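Have a look at the structure first, then go through the points.

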Amino acid sequence: MAADMRLPTIRKQVSLSSSLSALDGKDLVVPGDVITSDTGFMRGHGTYMDEEKLTASVAGEVERVNKLICVRPLKTRFNGEVGDVVVGRVTEVQQKRWKVDTNSRLDSVLLLSSVNLPGGELRRRSAEDELTMRDYLQEGDLISAEVQSVFSDGALSLHTRSLKYGKLGQGVLVQLSPSLIKRQKTHFHNLPCGASIILGNNGFVWLYPTPGHQDEEAGGYYTSLEPVSLSDREVISRLRNCLLALGAHKVLLYDTSVLYCYESSLPHQIKDILKPEVMEEIVMMTRQKLVELEG
C-alpha cells in the first residue's frame with residue numbers, strides 16, 4: 001500500500017521587494033492608529049475623531065479624496081456599487097420579487113420587472129407572471145446579475161436584463177473575500193484552458209464548462225443538464241483549488257492571475273495543490289510571472 005510521506009524542509013527566503021514596491025505608496029493602518037492630526041480633513045468611513053486626531057477604526061488601506069479620508073477595510077462584507085457584477089443565491093420568493101444572498105449585510109432584491117421574460121418579450125408583467133415566478137427562479141438557484149441601484153438602507157437592487165446574466169447551470173461556486181476581486185471592464189472570461197469563470201465583485205466566483213452556444217430563446221433561464229466530461233471536471237477542479245490557493249495568500253484575482261496560477265499548477269496533481277508547501281510554491285511562481293508581466 002502506497003503511503004504519502006511529507007517531511008519538513010528548510011524554507012527558502014524569497015525576496016518579494018519588487019512585487020511589494022507597488023504597495024509603498026499605500027498606507028495600511030490598524031484600529032487605533034492615528035491617520036492625521038490636521039483638523040482640515042473630513043471624517044469618512046472607517047475613521048473616528050479622538051482628541052482632535054483622525055483615528056482608524058478598522059484595519060485597512062487609507063484612501064483620500066480631496067479633503068475626505070476613509071479607510072477601506074481588508075476584510076469586509078460586500079458593499080455594492082451600481083454596475084457591479086454579482087453572483088448570488090436565491091433565498092426567498094416574495095410578491096413580485098426574489099430575495100438574493102450576495103454576501104452583503106442585507107439580502108439583495110431582484111424585482112420581477114428587472115428580469116428578461118422567456119423569449120425576450122417586452123411587456124408589462126401580469127398576474128400570470130407573478131404566479132409563475134418559481135418557473136423562472138426558485139429557492140437555492142444561483143444567478144449572475146448586475147447591481148441596478150442601492151437602496152437607502154444599503155440593500156442592493158439587481159437586474160438580469162441581458163443574455164449574459166441569468167440563472168447559472170452546472171458548475172462550481174467558490175466563496176472568497178470581496179476585497180480580493182479586481183474591478184475590471186468585464187468579469188466574464190472564457191479561459192483558454194477550457195473553462196469559463198465569472199468573477200463576482202461580491203467575492204462569489206462561478207466556474208463552469210465553456211458553453212458551445214447560447215440559446216437566446218430561453219432568455220437566460222435555460223440550463224444545460226448534459227453530463228460534463230471528465231476532462232472539463234478536472235479543469236474546473238484544478239481552477240477551484242488554484243482560486244483557494246490565491247485567496248489564502250491574498251493575491252488579487254483577475255483573469256491573468258488565475259490563468260498564471262493554473263499554468264503553474266500543471267506539474268502537480270489536483271489534490272496536491274492545497275498542500276501548504278505546494279500552494280506556497282505555486283503562488284510564488286504566479287507572483288513572479290505577474291511581476292515580469294508588469295515589467
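Contact here means heavy atoms within 4.5 Å. This is a predicted model, where local features need pLDDT of at least 70 and side-chain atom pairs count only at pLDDT 80 or more, while totals for chains, interfaces and linings use all residues. Residues are numbered from 1 along each chain as its sequence is written, and side-chain values use heavy atoms, with hydrogens and water left out.

1. Start with Asp-129, which sits in helix H2 (residues 127-131); helices are DSSP runs of H or I, at least four residues, numbered from the N terminus. Asp-129 is buried at 4% relative accessible area (buried is under 20%, with a 1.4 Å probe and protein chains only). Leaving aside residues up to four places away in sequence, Asp-129 touches Leu-112, Leu-117, Arg-123, Arg-124 and Tyr-136. The Asp-129 side chain also reaches the backbone nitrogen of Ser-126 at 3.0 Å.

2. Next, H4 (residues 230-248) against H6: they pack at about 80 degrees, axes 10 Å apart. Axes are lines fitted to C-alpha atoms over the stretch in contact, and angles run from 0 to 180 degrees between N-to-C directions. H4 and H6 are therefore roughly perpendicular (65 to 115 degrees). Ala-245, Leu-246 and Ala-248 of H4 meet Met-279, Val-283 and Thr-286 of H6.

3. Finally, H5 (residues 255-265) packs on H6 (residues 276-294) at about 130 degrees, with axes 9 Å apart.

Note on methods. Helix = DSSP H or I, 4+ residues; strand = E, 2+ residues; numbered from the N terminus. Buried < 20%, exposed > 50% of the residue type's maximum accessible area, 1.4 Å probe, protein only. Polar contact = N/O pair within 3.5 Å; in protein donor to acceptor, adjacent residues only side chain to side chain. Parallel < 35°, antiparallel > 145°, perpendicular 65-115°, else oblique.
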